[in-house]
Amino acid sequence: RKTPFPEWLVPVFLPGVTLIADLLYDIDIEAMAPEAAVSGLGFPLMVIYGTEDTRIPPDHSRRVYAAASAGSIAWVVNGVGHTDALVELPDEYAFRVAEYFLERLGLE
């Protein structure tokens, strides 16, 4: 969810993390494209994001949703930050996620 480091310090680690991912795990973080990955899934997704997310800009979530298959849904949670929809609105979160899975499984 979050690192134990202050938000202003996190960018200092990014070059080292990128290098380690490449050298140890052969992962090219710069080449990762969530929109491309989502577009190839072939089934609808549920994208949940907060309008006050400072870790992953809301525009990124909008692009992922736009690339998702037909029938995908987006729940835009006004006024919450990164992953805080569950914390701020636990009942609605549980209802919406359960509803998505029930529909995907054909049980609704």
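Which residue takes a positive phi just after helix 5? In this predicted model, local features require a pLDDT of at least 70 and side-chain atom pairs a pLDDT of 80 or more, whereas totals for chains, interfaces and linings use all residues. Residues are numbered from 1 along each chain as its sequence is written, and side-chain values use heavy atoms, with hydrogens and water left out.

The residue is Gly106, with a phi of about 75 degrees. Helices are DSSP runs of H or I of at least four residues, numbered from the N terminus. Glu108 lies in the segment after helix 5 and is exposed at 61% relative accessibility (exposed, over 50%; buried, under 20%; partly exposed, in between; 1.4 Å probe, protein chains only). The C-alpha atoms of Glu108 and Ala98, ten residues apart in sequence, are separated by 10.0 Å.

A nonpolar surface patch with about 1200 Å² of accessible area together includes Phe5, Val12, Phe13 and Val17. Val17 belongs to helix 1 and is partly exposed, at 45% relative accessible area. Patches consist of residues with over 30% relative accessible area and no salt bridge, nonpolar side chains being joined within 5 Å and like charges within 9 Å; a salt bridge places a side-chain nitrogen of Lys or Arg within 4 Å of a carboxyl oxygen of Asp or Glu.

Asp22, Asp26, Asp28 and Glu30 form a negative surface patch. Glu30, in the loop between helix 1 (10-25) and helix 2 (34-39), is exposed, with a relative accessible area of 64%.

Terms used: Accessible areas come from the Shrake-Rupley method with a 1.4 Å probe; for residues, only the protein chains shown count as cover. Lys and Arg count as positive and Asp and Glu as negative; His and the chain ends are not counted. The place of a charge is taken as NZ of Lys, CZ of Arg, CG of Asp or CD of Glu. Helices (H or I, at least four residues) and strands (E, at least two) are DSSP runs, numbered from the N terminus.
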